[in-house]
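The sequence and structure are shown first.

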Amino acid sequence: MTIDEIKTPAYVCEEEKLISNLKLLNEISQKSGAKVLCALKGFAFSLGMPYVDKYLNGVTCSGLHEAKYAKEYIKNGEIHTYSPAFKDEDIDEILNISNHIVFNSFNQVLKFKTKALQNSVHTAIRLNPQTSFSPTDSYNPCSRFSRLGITKANLLLAIQKDATFLDGIEGFHFHALCEESSESLEIVLNEFEEKFGEFIKNMKFVNFGGGHHITKKGYNTELLINLITKFRQKYGVEVYLEPGEAVGWQTGYLITSILDIVENEANIAILDTSAEAHMPDTVIMPYRPDVRNESKNGKFIYKFGGNTCLSGDIIGQDAGNSEYKFDFPLKISDKVIFEDQIHYTIVKNTTFNGIKLPDLHLVDKNGNVISSKFFGYEEYKNRN
């Protein structure tokens, strides 16, 4: 099968571009001495996991099911698991799977630390440096009232309540970036050291979290390498990075078909996809996804609507720009390709309205399909 034969909707990941991203991340690891993990919350493309396992040092998980997924696909690397709160019924299996576990609060440490140590799992706590960079509050892990991580005031209070609070804790974790630069990391890192430096010297590792847009054009990799190297030398600790979006950044697209074109003061092409169900970050972030072959000065203007009953299921509407211009008229059955739709899409898909989940394909540089996964009614039935 080739790209032209793919039935829509479908996510298409380009093998060559994925490997290019992974090689860059591997290079960062080699030059800085840091271990680079893939955050499954941002990239859990099963057809690409063998490449992640080959080039990176492991993965980070957000709970039991991601940990089980990691166990299935990651054969060579480490498995780290963090959750805002672990459930009693999940913790034993998580500890059995994970090499590292990260606790989010004083209560979680008291509840599960002993069991983690008894299972020889490397144990860490998440800290909140109260300094961060992100496009919106929805993506700001250090915003006011954040539930994610322990602030310095609460860390000192925890130690005051229990002098053994940090006993057995081997590492710290912080996450304060979203689609950000190494310059932003430098600012956060300075704040992190100022707040928690006195405790770092007693740790074995520090996880710098995710949100590092390492594979984006123009990212200052040299600064990142220098920041990691100096930090490792200063404190004598191992450093982890856990990018998610950077793994899948610009490695593929969502290919769809036009089912109908209706007119109501605008030309509206109805697609066999959905912003709500298949491109959720275009709604949550929000942002307007690029479409292949659109033209800045095109005379043929269309809106793209999803094939659901949600009135607002219009691509780009939440970002304030739902018009797409072309140099040629579109017609029913034409393919429409939304660029850069591999990260933070598949992991958030729903079967809202019974709409079909897009199939998954991995293609080589010549457009030949290497492997595929197909979805249908069963996913909707099993979910409802």
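Strands, as the word is used here, are DSSP runs of E with at least two residues, numbered from the N terminus. The model is predicted.

**The largest pocket**

About 830 Å³ of space lies in the largest pocket. Its lining is made up of 42 residues, and those nearest the pocket centre are Lys41, Arg126, Leu148, His175 and Tyr344. By residue class, the lining of the largest pocket holds 16 nonpolar, 16 polar and ten charged residues. Which elements supply at least two residues of this lining? They are strand 4 (58-61), strand 5 (78-82) and helix 9 (245-248). Strand 5 gives the most, with three residues.

**The cavity**

The structure holds one cavity of 30 Å³ or more, and the volume of the largest cavity is about 30 Å³. Its lining consists of His80, His100, Val102, His173, Phe205, Asn207 and Tyr240. Two or more of the lining residues come from each of strand 6 (100-103) and strand 9 (205-207). The cavity lining divides into three nonpolar and four polar residues, with no charged residue.

| Helix pair | Angle | Axis separation |
|---|---|---|
| Helix 3 (residues 64-73) and helix 4 (residues 88-97) | about 30° | 10 Å |
| Helix 6 (residues 152-161) and helix 7 (residues 182-200) | about 30° | 10 Å |

Helix 3 and helix 4 pack at an angle of about 30°. Helix 3 is therefore roughly parallel to helix 4, as angles under 35 degrees count as roughly parallel. The crossing of helix 3 past helix 4 is left-handed. On the helix 3 side the contact is made by Leu64, Ala67, Lys68 and Lys71, and on the helix 4 side by Asp90, Glu93, Ile94, Asn96 and Ile97. These contact residues comprise four nonpolar, one polar and four charged.

Helix 6 packs against helix 7 with an angle of about 30° between them, which means that helix 6 is roughly parallel to helix 7. Helix 6 passes helix 7 in a left-handed crossing. Helix 6 contributes Lys152, Leu155, Leu156 and Ile159 to the contact, while helix 7 contributes Glu194, Lys195, Phe196, Glu198 and Phe199. In this contact, five residues are nonpolar and four are charged, with no polar residue.

How values were computed. Residues numbered from 1 in each chain as written. Predicted model: local features only at pLDDT ≥ 70, side-chain atom pairs only at ≥ 80, totals over all residues. Heavy atoms only, no water. 1 Å grid on protein atoms, 1.4 Å probe; cavity = no way out; pocket = protein on both sides within 12 Å on 5 of 7 lines; lining within 4 Å. Points joined across faces, edges and corners; volume = space filled by probe spheres on them. Helix = DSSP H or I, 4+ residues; strand = E, 2+ residues; numbered from the N terminus. Nonpolar A, V, L, I, M, F, W, Y, C, P; charged D, E, K, R; others polar. Axes fitted to C-alpha atoms, helices over the stretch in contact; angles between N-to-C directions. Parallel < 35°, antiparallel > 145°, perpendicular 65-115°, else oblique. Left-handed = near helix turned anticlockwise from the far one by under 90°. Contact = heavy atoms within 4.5 Å.
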